[in-house]
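Hello,

Here is the structure I promised to pass on. Please open it beside this email and follow along.

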Amino acid sequence: MALLPILHFPDARLQRTARPVLAVDARIRQLAADMLETMYAAHGIGLAATQVNVDEQIIVIDISEEKNAPQVLINPTLLWQSEERVEGDEGCLSVPGIYEKVQRAAEVRVRALDAEGAERDIAASGLLAVCIQHEMDHLKGRLFVDYLSALKRGRIRTRLLKEQRQAQREEKERVRREGAA
Ligand code: K1U
Ligand code: ZN
């Protein structure tokens, strides 16, 4: 098992469209296991392969309190979405520290392959429906900040770039100090 580095907005690789998985084999199962480990370590409820720089259609989700109900969705397709919309606060492991209100379909039905390659239909509402839509957006290169105004998105971009530059400076300084010791 391995922790995978998560890409952060505004990294352009987050805008790539993922391609379908051709065969659910040992490589895909290992990737899904690594994605679950990475999601749990980051205290997320979902993660898309795009976020770990893999352009294949793989999503992992666990919305349970106990973190003992992992779901793997491969090549997910939307079968149906309700006209009813819900608005809720969303976060994203690729947009750390930012939470904004987003409108989503209240209910969705999705078809996907599981980690064994078996076809599953999932009917989702509540947090699971929101999370599935958020993760399927990632596979299309779309982030929740794309639903915000250009002004808000620009402010978030500036703030995160500043934080990333600061983190790079601190890392450089840490390496310099370790080399000098
Ligand atoms: O895709 C991701 O970056 C994961 C993201 C999923 C998500 C969160 C909230 C609404 C929709 C989709 C996260 O898990 S961010 C962490 C977070 O916001 C959260 C964690 C536990 C419960 C609820 C939200
Ligand atoms: Zn996200």
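**What I found**

Asn75 is buried, because its relative accessible area is 18% and the cut-off for buried is under 20%. Keep in mind that this is a predicted model. Asn75 is found in strand β3. Its phi is positive, at about 50°, although Asn75 is not a glycine. Why point that out? Because most residues other than glycine have a negative phi.

His43 is another such case. It has a positive phi of about 60° and is not a glycine. Look for His43 in the loop between α1 and β1. Is His43 buried or exposed? His43 is exposed, with a relative accessible area of 73%.

One peptide bond also deserves a look. The bond from Phe9 to Pro10 is cis, with omega near 10°. Pro10 sits in the segment before α1. In general, most peptide bonds are trans.

**The sheet**

Next, the strands. Five of them make an open sheet, in the order β1-β2-β3-β6-β7, and the pairing is antiparallel. Which strands stand at the edges? They are β1 (46–48) and β7 (119–125). Each has a single partner strand, so one side of each is left without a neighbour in the sheet. Neighbouring strands of this sheet are turned by 40° against each other on average, direction ignored.

Now take the pairs. Strand β3 covers residues 71–81 and strand β6 covers residues 107–113. They pair in the antiparallel sense over five bridges. Thr77 has Arg111 in β6 as its bridge partner.

How many bridges link β6 and β7? There are seven, again in the antiparallel sense. Ala112 stands opposite Arg120 in β7. β6 and β7 form a hairpin, with five residues between them. In the turn, Gly117 has a positive phi of about 90°.

Helix α1 takes in residues 26–41. It lies across β1, β2 (58–61) and β3. Against β2, helix α1 runs at about 40°.

**Two buried residues**

Start with Glu56, in the loop between β1 and β2. Its relative accessibility is 6%, so Glu56 counts as buried. The side chains of Glu56 and Arg27 are joined by a polar contact of 2.9 Å. Leaving out residues up to four places away in sequence, Glu56 touches several others, including Ala18, Val21, Ile28 and Leu139.

Then find His134, in helix α2 (residues 126–139). It counts as buried because its relative accessibility is 9%. Setting aside neighbours within four places in sequence, His134 is in contact with Glu90, Gly91, Cys92, Arg104 and Phe144.

**The ligand**

Last, turn to ligand 1. It has 14 residues around it. Which of them come nearest? They are Ile45, Gly46, Gln51, Leu93 and Glu135.

Three of these residues can be checked atom by atom:

- Gln51 places a polar side-chain atom 2.9 Å from an oxygen atom of ligand 1.
- Leu93 has a backbone N or O atom 2.7 Å from an oxygen atom of ligand 1.
- Glu135 has a side-chain N or O atom 2.7 Å from an oxygen atom of ligand 1.

Taken alone, ligand 1 exposes 520 Å², and the protein buries 82% of that.

Best wishes

Definitions and conventions:
Residues are numbered from 1 along each chain as its sequence is written. Chains are lettered from A and ligands numbered from 1 in the order in which they are written. This is a predicted model: local features need pLDDT of at least 70, side-chain atom pairs count only at pLDDT 80 or more; totals for chains, interfaces and linings use all residues. Side-chain values use heavy atoms; hydrogens and water are left out. Two strands pair if DSSP finds at least two bridges between them. Helices (H or I, at least four residues) and strands (E, at least two) are DSSP runs, numbered from the N terminus. Axes are lines fitted to C-alpha atoms, for helices over the stretch in contact, and angles run from 0 to 180 degrees between N-to-C directions. Contact means heavy atoms within 4.5 Å. Buried means under 20% relative accessible area, exposed over 50%, partly exposed in between (1.4 Å probe, protein chains only). A polar contact is a pair of N or O atoms within 3.5 Å; within protein, one must be able to donate a hydrogen and the other to accept it, and residues adjacent in sequence count only if both atoms are side-chain atoms. A residue is near a molecule or strand if one of its heavy atoms lies within 4 Å of it. Accessible areas come from the Shrake-Rupley method with a 1.4 Å probe; for residues, only the protein chains shown count as cover.
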